[in-house]
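Reader: Please go through this model with me, sheets and interface in turn.

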Amino acid sequence: MPSPSRTLFDKVWDAHVVTPEREDAPALIYVDLHLIHEVTSPQAFAELDARSLSVRRPDLTYATLDHSTPTTPRAAGARPVYASAAARHQVETMEANCRRHAIRLAGWDSADRGIVHVIGPELGLTQPGQTIVCGDSHTSTHGAFGALAFGIGTTEVGHVLATQCLLQRKPKTMRVHVDGELRVGVGAKDLIVAIIAELGAGGAAGHVIEYAGPAIEALSMEERMTVCNMSIEAGARAGMIAPDETTFRYLQGRAHAPKGAAFEAAKARWAQLRSDAGAVFDAEVRLDASRLAPMITWGDSPDMAAPVDSSPPAPSTARMTEALAYMGFKPGEALMGEKIDAVFIGSCTNARLSDLREAASVMAGRCVKPGVRMLVVPGSEAVKRAAEAEGLDAIFRTAGAEWREPGCSMCIAMNGDSGRPGELIVSTSNRNFAGRQGQGVRTVLASPATAAASAVAGAIADPRRILEASHAQ
Amino acid sequence: MRNEPILTVTAPAFTLPDANVDTDQIIPARFLTTTERGALGGACFHDWRFHGDGSKKDHRLNDIPHGEVRILVAGHNFGCGSSREHAPWALKDFGFRAVVTTRAADIFRSNALKNGLVICEIDEASHAALMDRDGLEMTIDVAAGQIIAGNITARFVLDRFARTCLIEGVDPMGYILAQGEAIARFEADRAA
Ligand code: SF4
């Protein structure tokens, strides 16, 4: 029996147990929404074919094209130009698999296409209390709605396609409680990078994190998604935030969200999705948001992060020494002012409308430093349309940045958008692993504001000066 | 995929002490455009082994003769980052049959075990001792949860189900499909 005081996670988990966990077998968990994309699904479909299995619930499956897809601007109706024959083949395989199994696909001609973790919420597919999986580690993004959402491997993608279920051991729980208020120029990205620096790259391994406290409640849905998105960078299985009025307001009127009386009924159900007062977590961490500064990474792991106006720490391990050598940074030397080659604004962490607005507010009336390349890649077709409707694209273009088609782009650099060896790139994405943005490329993770300020300066820069000035007006 | 039963693995150790080795290191993203399994050995740790122009770097991984079997003794939190199952595929195609570490990242562990790549999580002291002995011949007894390497003996605990799958070659897909009735009942209850 479930204990009387349960966490948000417990409530969602308990509601999805098909067969309970035993010592000799994991629980069988039902999946409400299965998101798929072209990179981690082809071998799963091949497995279904090899066993003559069909997709059990195509109606609970939703596909998009995002990872291998080119983001180079193209005229309406023009065929995309792929970086390689393999990329084209991968996309065409996805299209064929979706046709064959009657799975909805936000394809090239769809106004709904975009990065899988951007479009799920945008379309109202993502809802509180659901279990959501995808062959992609940043599935944790959807936890911002109080869903239990996590990444799976390709074999498991096959399991979910064929059975709508997954074998899972119940993870542990961790609560990250954030007090205080974020200051001007310090955003959700800075908050989550600070949390990762605190926990370490494996600090939340085996746990589902619930983010709670006044600073979390004050965040918009977009900001909550940024926070939950990077849970995996602390090793967590998933990140969750209890749904509230902010969540309900976001969902109301979305294409796939319930309508009318059904929405009101859903809202009443969703409002129950919060940790009970006496609920016990396996681990608890507390942070004060008002003490945080804009954060950037100084190494090649997301937990190697520090305030933008500081310097990398003196290395205490061989791994830290190697990371500093790779980045070309020196302990004790200011990170600010370090010359950069490119800026990337994009990814499922920071390519929603609010992120582009944040970057544009810094760029407006300013220019990208000559010699620096800046790519702005909206997270979805809908983000792109909305940004263009309010003239954000014009701000970026006028400043000298490239305004691209939606996709993962330089976050994973497998679609042809990548840096050159040795380049230093300030990026709003989520991983600064060696070579993530191209072989030998050095990545500095930052918020959209910090990335934009750095583009203007041509060097790592603190966005607070610009933002505080415009805030005061 | 149905796997062959794996009772023991015997091979020389190959040590990689770095902590937090992520799956982008194990296989860089640009090799993920494949739609098939297999033939990823060349991409395994590619950017550690090769320069941008394709010439070989001076890395110990390049000293392993093509396809020769090894047990990888890796650092803490091995396989963090991207959920790509291409990482265990690449390690297996390269010739690794098991990974010995203090802790593997969650999704990587799950992916590896589903592909018959044995994951042994052992205590720090034994791990440090093994890390010092590159090339040491070792035997992993999957059923007993034991590693024997020279005078070092270390124990590891595998998830009971994962162990059954490894040693009996049980196929998880078949196991879930066999619960079709429970799944149908769950769906019917919710619809009611
Ligand atoms: S934007 Fe980056 S992290 Fe997000 S789904 Fe795409 S590749 Fe993964």
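Predicted model: local features only at pLDDT ≥ 70, side-chain atom pairs only at ≥ 80, totals over all residues.

Author: Residues are numbered from 1 along each chain as its sequence is written, chains are lettered from A and ligands numbered from 1 in the order in which they are written, and side-chain values use heavy atoms, with hydrogens and water left out.

Reader: Which are the edge strands of the open sheet of 4 strands in chain A?

Author: Helices (H or I, at least four residues) and strands (E, at least two) are DSSP runs, numbered from the N terminus, and two strands pair if DSSP finds at least two bridges between them. The order in chain A is E11-E10-E9-E12, with parallel pairing. An edge strand pairs on one side only, and here these are E11 (238-240) and E12 (283-288) of chain A.

Reader: Which residue of E12(A) stands opposite A:Val178?

Author: Strand E9 (residues 172-179) of chain A pairs with E12(A) in the parallel sense over 6 bridges. Opposite A:Val178 stands A:Leu287.

Reader: What angle does the direction of helix H6 of chain A make with that of E12(A)?

Author: Contact means heavy atoms within 4.5 Å. Helix H6 (residues 188-199) packs on the sheet and touches E9, E10 (207-212) and E12 of chain A. Axes are lines fitted to C-alpha atoms, for helices over the stretch in contact, and angles run from 0 to 180 degrees between N-to-C directions. The angle with E12(A) is about 130 degrees.

Reader: Which are the edge strands of the open sheet of 7 strands in chain B?

Author: The order in chain B is E4-E3-E2-E1-E5-E6-E7, with mixed pairing. Within this sheet, E2 (residues 70-74) and E3 (residues 96-101) of chain B pair in the parallel sense over 4 bridges, and B:Leu72 stands opposite B:Val99. Pairing on one side only are E4 (118-121) and E7 (152-155) of chain B.

Reader: What area is buried between chain B and chain A?

Author: In contact are 53 residues of chain B and 61 residues of chain A. Buried area is the accessible area (1.4 Å probe) that two parts lose on being put together, summed over both. Carbon and sulfur atoms give 55% of this area, which is about 4,700 Å².

Reader: Which residues of chain B lose the most area to chain A?

Author: Three residues together make up 14% of what the chain B side buries. They are B:Thr33, B:Thr35 and B:Met173.

Reader: How many residues apart are A:Glu21 and A:Arg169?

Author: Their side chains meet in a salt bridge (3.2 Å, N to O). A:Glu21 is in the loop between E1 (17-19) and E2 (27-30) of chain A, and A:Arg169 is in the loop between E8 (165-168) and E9 of chain A. The pair links distant parts of the chain, 148 residues apart.

Terms used: Salt bridge = Lys/Arg side-chain N within 4 Å of Asp/Glu carboxyl O.
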